Amino acid sequence: MRKAGRELKDELVLVGRWATYLQAQKLGNRALPSLDIDFTALKENFRAIEKHLLASNFVPIGFRYIKYYHETLDGRLREISLEESKKIPPHELRELFLDILWDEKISSMSFAHPYVEAIFEKELYDEIDGINVAFPEVILSMKFLIEKNKYRGQKQLKDLVDIYVLVLAPEELDFEVFELLYSREKFGLDWVIRYFRENEEFLASVVHGLGMMFDREEFLLVVDELKENLKR
Amino acid sequence: MKAPIVKEKILRELAFKGSTSVRELLAQFGVNRPYLYRILRSLESEGAIVLEMGKIRVVDKKSLIYVWGTEKRKIFRVVKGVTYKVRPKKVRDFVVFSGTSALWVLGKVLEPSFGTAYIKKEDFERLRQIGIKREGYPIKFYSYDEDVFYYVKSIRGYMLPPVEQIIADALGEGMYTRVIEELLEDVEWMM
């Protein structure tokens, strides 16, 4: 992730769980790490990005890029090619998934996201550790949008943890960023409140595990303030 | 009924220090000798301390904290705190969270509602301004004991007193749960 993010710094902005992880770390909090890497990019840079990813041993499969590793008995990971991966027993094979959300679809399999253009146009990201990482407000808005009326099981619970970590980050959220993204595509917050209430105890145990405090009222007040702001 | 505030100070000193002397307590709290001996003899009969030749040693901290909790109940019956609904992060710079509020900071309970917090008299106006908004959790604020501020530690950005005080305050609030038992076991183990 760091290698791709640094080498393609001008073309890629990190979003998703790793972005949450890095933003939380920057603010002195902790978050859950992830297996997948999610970036955003502009269609106009598709060729340059793909060329770089292919040269870095990523294999395009469907809408995602995959890199294969062979896990040896001592726990080390060795990068291998797609051909080599076919000869390795499944329990020794590890895969790294890299997904890119584009401003416009680049093929029928790819995904376009309504916020990508604004992320690049308004530079809604910070540089963390040499990688461009989306602002917490962007990560949150994307999560609010993905989750709209959709049950995604365990992944949704992890998203709830990410949302909690970012909403209660020590720095105040910039509501203007939310307003800007909301104007591009509206997201809902009612489900966040409902889902939060339904999973309160689970969430409390996870955030305690992360060394954070569980503050139900503060979370609900910030979400409510955001809701009120977006109504105006 | 008079609130046993001085007695609480003596209990706190014993709980925090573990050993001291009659002479030190007399000098520190300006109480008369018969009153102090009454307190010490009753603690001795509870098995909480050993008193020998003017030297005091805590031998059962759990019992000592239970006595403190009982006294705390009496104090809370007499000294009426002020309840404000507040967002904890808005007041954490100038109040000490204890009892249930501190247990919440420590991740032992889900919310700090009806917990105890200590505030200096000079900060009451600040609290009132925050409390007017009526946002957050109802917390009971007390300003009768500013000594609490001498012992605080910062945990997760909140000022908390030592665990013995947190337990005594939680008992004073009327909280008797497994959480308290677990904390008491920890305190005993640390002795």
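In this predicted model, Ile61(A) stands opposite Arg64(A), a residue of strand 4 of chain A. The two belong to a pairing between strand 3, residues 59-61 of chain A, and strand 4, residues 64-71 of chain A, which is antiparallel and has three bridges. Strand 3 and strand 4 of chain A make a hairpin with two residues between the strands, and in this hairpin Gly62(A) takes a positive phi near 60°.

Arg64(A) also has a partner in another strand. It stands opposite Asp99(A), which lies in strand 6 of chain A. Strand 6 covers residues 93-102 of chain A and runs antiparallel to strand 4 of chain A, with seven bridges joining the two.

Strand 4 of chain A has a further pairing, with strand 5, residues 77-80 of chain A; this one is also antiparallel and has four bridges. Within it, Tyr69(A) has Glu79(A) of strand 5 of chain A as its bridge partner. Strand 4 and strand 5 of chain A form a hairpin too, with five residues between them, and Gly75(A) in its turn has a positive phi of about 85°.

The next topic is where the chains meet. The contact takes nine residues from chain A and 11 residues from chain B. On the side of chain A that touches chain B, the elements giving two or more residues are helix 10 (200-209) and helix 11 (216-231) of chain A. Helix 11 of chain A supplies the largest share of that side, four residues. Sorted by class, the side of chain A that touches chain B has four nonpolar residues, one polar residue and four charged residues.

In chain B, domain 1 (5-77) and domain 2 (81-190) each contribute at least three residues to the core.

Which residues does Leu64(B) contact, leaving aside its neighbours within four places in sequence? They are Leu11(B), Leu14(B), Ala15(B), Leu43(B), Ala48(B), Ile49(B) and Val58(B).

Terms used. Residues numbered from 1 in each chain as written. Chains lettered and ligands numbered in written order. Predicted model: local features only at pLDDT ≥ 70, side-chain atom pairs only at ≥ 80, totals over all residues. Pairing = 2+ DSSP bridges. Contact = placed C-beta atoms within 7 Å. Nonpolar A, V, L, I, M, F, W, Y, C, P; charged D, E, K, R; others polar. Domains from an automatic or database assignment.
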